[in-house]
Amino acid sequence: MLKNILIIIVVFLFVGTTSYFSHLFLLEEEHQLFIPLLKKAYLFHFSFSLILLLTFVILAQYDKYFVQLGFIYMGLLVFKIVVFAVLFYPQLLGENLLSSFYRASLLIPVIVFLLLEVIFISKIMRGKKAKI
């Protein structure tokens, strides 16, 4: 279990920082006001996804919770999207509306960390089913 937790943390740090700095590199330098917002989006998705996966690694050890992990994940995914929309509402839909390019750019961290979540959760589910 400790090995799995360390692998998840290392992969998240590597992919998250690589994605963030690649994203910054591809953005134009003249839009410095967008960079703090992008940093907050990456930190939100990084921390939420990492905590979610670490919790799943721990809960997968108990058969009582393992059966329900798929449903728990779907509920937490909806919760994550709602919290993200609430936190970033002014920039996405509110009075401080960004251009459509930058609104779409805020979805890149969503996609990156969602892919990581799905990969690791499927490995957790398959690994545990092989042991049962």
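## What a pocket is

Let's start with a term. On a 1 Å grid over the protein atoms alone, a pocket is an open set of points with protein on both sides within 12 Å along at least five of seven lines, whereas a cavity is a set of points where a 1.4 Å probe fits but cannot get out. Residues with an atom within 4 Å of a point count as lining. Grid points are joined across faces, edges and corners, and a volume is the space filled by probe spheres set on the points.

## The model and its helices

This is a predicted model, where local features need pLDDT of at least 70 and side-chain atom pairs count only at pLDDT 80 or more, while totals for chains, interfaces and linings use all residues. Residues are numbered from 1 along each chain as its sequence is written, and side-chain values use heavy atoms, with hydrogens and water left out.

The protein has seven helices and zero strands, so its elements run α-α-α-α-α-α-α from the N terminus on; both kinds of element are DSSP runs numbered from the N terminus (helices are H or I, at least four residues; strands are E, at least two). Of its 132 residues, 37% count as buried. Buried means under 20% relative accessible area, exposed means over 50%, and partly exposed is in between (1.4 Å probe, protein chains only).

## What the record says

UniProt, in an unreviewed entry, places the feature "transmembrane region" at residues 5-22, 42-62, 69-89 and 101-121. The positions follow the numbering used here, feature names are shortened, and annotations may be inferred rather than shown by experiment.

In the model, residues 5-22 are 100% helix and 0% strand, with end C-alpha atoms 25 Å apart. Residues 42-62 are 86% helix and 0% strand, and their end C-alpha atoms lie 31 Å apart.

## The second largest pocket

The second largest pocket has a volume of about 170 Å³. Helix 1 (2-26) and helix 2 (34-59) are the elements that give two or more residues to its lining. Helix 1 gives the most, with six residues. Among the lining residues are Phe-12, Gly-16, Tyr-20, Lys-39, Phe-46 and Phe-113. The lining divides into eight nonpolar, two polar and one charged. Here Ala, Val, Leu, Ile, Met, Phe, Trp, Tyr, Cys and Pro count as nonpolar, Asp, Glu, Lys and Arg as charged, and the others, Gly among them, as polar.

Helix 1 has 25 residues and reaches 36 Å from its first C-alpha to its last, close to the 36 Å expected at 1.5 Å a residue. That expected span is 1.5 Å times one less than the number of residues. The buried residues of helix 1 include Phe-12, Gly-16 and Tyr-20, and these also line the second largest pocket.

Over in helix 2 sits Ser-47, which counts as partly exposed because its relative accessibility is 32%. The C-alpha atoms of Ser-47 and Phe-113 are separated by 9.8 Å, although the two are 66 residues apart along the chain.

## Helix 4 and its two sides

The 19 residues of helix 4 (residues 69-87) should span 27 Å at 1.5 Å a residue, and the end C-alpha atoms are 26 Å apart, which agrees. Leu-69, Tyr-73, Lys-80 and Phe-84 are buried in helix 4. They cover an arc of only 50° around the axis, so they are on the same side of helix 4; the arc is that of the directions from the helix axis to the C-beta atoms. On the other side, Phe-71, Met-74, Val-78 and Val-86 are exposed.

Ile-72 also belongs to helix 4, and at 30% relative accessibility Ile-72 counts as partly exposed.
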